[in-house]
Amino acid sequence: MERIPILQMGQFLLVTIQVDMHDRLALALQDDLTNRIVKTQAQGVLIDISALEIVDSFIGRILGNIATMSRILDADTVVVGMQPAVAITLVELGLSLTGVRTAINVEQGMALLRSPFGASPEERDTHAQT
Amino acid sequence: MLKHEVVEARSSADVLVVRQQARAWAVEMGFSLVEQTKIVTAASELARNMVDYGLGGTVELEAIENGSRKGLRLTFTDQGPGISDLDLAMTDGYTTGNGLGLGLSGTKRLMHEFEITSQVGQGTRVMITRWR
């Protein structure tokens, strides 16, 4: 079966989605990424969706699942490169991608993953209090 | 009706074909990129619904006219189990499967017209239109 390649770069895993994914391919990516996080003890996952022409509720759910699963496995996920038309459509569809961290491009995404704990300012405040 | 085409949707791979055809039609009819994206996303949601819940079905694409306005109409027809409570099915977040329950309600927001008819044991038909 066709698979989306996962590249390892140091402590990070990189995925560039370059094909229009059917549902089973998206589910396979979710499984593969989870396994690779454990195997490589990766600290972060960067998913580049700049080539994706749509994100519908299914793909949105997969992105959310990947972010949640990686968080449970102690890795951060950043989704980068969403096209403006995709973002507009996603919001009207009613998807907010809660829990999925995003960045404008690969460079910004990598910077986010490299920042302390990869945490957002609010999360860092919470850590500081506890 | 200016032009029409019917695409079969029986598997998750067919959903890709529906997306590609919806895109090709939207491009040919001169819809903007954002409009194309909305149409393709709506088509993807409804085609998947048919495959996952309606045992597969057909998608009819039509270029239609209303005075000087041109529109793209997509009609999704399946002979699946049907939907017993349409109001409930149209509610954001309601799902009988493991999805997010945004397929129908979200699709309605992406299009100008949305019409759904369903009969238990007979099947479901969803007709969506976007005008230029």
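A residue is called buried when its relative accessible area is under 20%, exposed when it is over 50%, and partly exposed in between (1.4 Å probe, protein chains only). By this rule, buried residues make up 48% of the 130 residues in chain A. The model is predicted, so local features need pLDDT of at least 70 and side-chain atom pairs count only at pLDDT 80 or more, while totals for chains, interfaces and linings use all residues. Residues are numbered from 1 along each chain as its sequence is written, chains are lettered from A and ligands numbered from 1 in the order in which they are written, and side-chain values use heavy atoms, with hydrogens and water left out.

With contact meaning heavy atoms within 4.5 Å, 70% of the chain A contacts between residues at least 6 apart in sequence join residues at least 24 apart.

Asp56(A) sits in the loop between strand 3 (44-48) and helix 2 (57-72) of chain A, and is buried, with a relative accessible area of 0%. A polar atom of the Asp56(A) side chain lies 3.2 Å from the backbone nitrogen of Phe58(A), and the backbone nitrogen of Ile59(A) is 3.1 Å from a polar atom of that side chain. Beyond neighbours within four places in sequence, Asp56(A) is in contact with residues of both chains, including Leu93(A), Leu95(A), Arg19(B) and Arg48(B). Asp74(A), in the loop between helix 2 and strand 4 (76-80) of chain A, is exposed at 65% relative accessible area. This residue has a positive phi of about 65° although it is not a glycine.

In chain B, five strands form an open antiparallel sheet in the order 1-2-3-5-4; strands are taken to pair if DSSP finds at least two bridges between them. Strand 1 (3-9) and strand 4 (113-119) stand at the edges with a single partner strand each, so one side of each has no neighbour in the sheet. Seven bridges join strand 4 to strand 5 (residues 123-131), and Ser118(B) has Thr124(B) as its bridge partner in strand 5. Helices lie across these strands: helix 1 (residues 12-28) runs at about 165° to strand 1, and helix 4 (residues 103-110) at about 150° to strand 4. For these angles, axes are lines fitted to C-alpha atoms, for helices over the stretch in contact, and values run from 0 to 180 degrees between N-to-C directions.

The last feature is the nonpolar core, a set of buried Ala, Val, Leu, Ile, Met, Phe, Trp, Tyr and Cys residues joined through side-chain atoms within 4.5 Å. The largest core has 65 residues, of which Ile17(A), Leu33(A), Ile47(A), Phe76(B) and Ile128(B) touch the most other members. Its largest share, eight residues, comes from helix 2 (residues 33-53) of chain B. A second, separate core of eight residues includes Phe12(A), Leu46(A), Ala103(A) and Met110(A).

Note on methods. Helices (H or I, at least four residues) and strands (E, at least two) are DSSP runs, numbered from the N terminus. A polar contact is a pair of N or O atoms within 3.5 Å; within protein, one must be able to donate a hydrogen and the other to accept it, and residues adjacent in sequence count only if both atoms are side-chain atoms.
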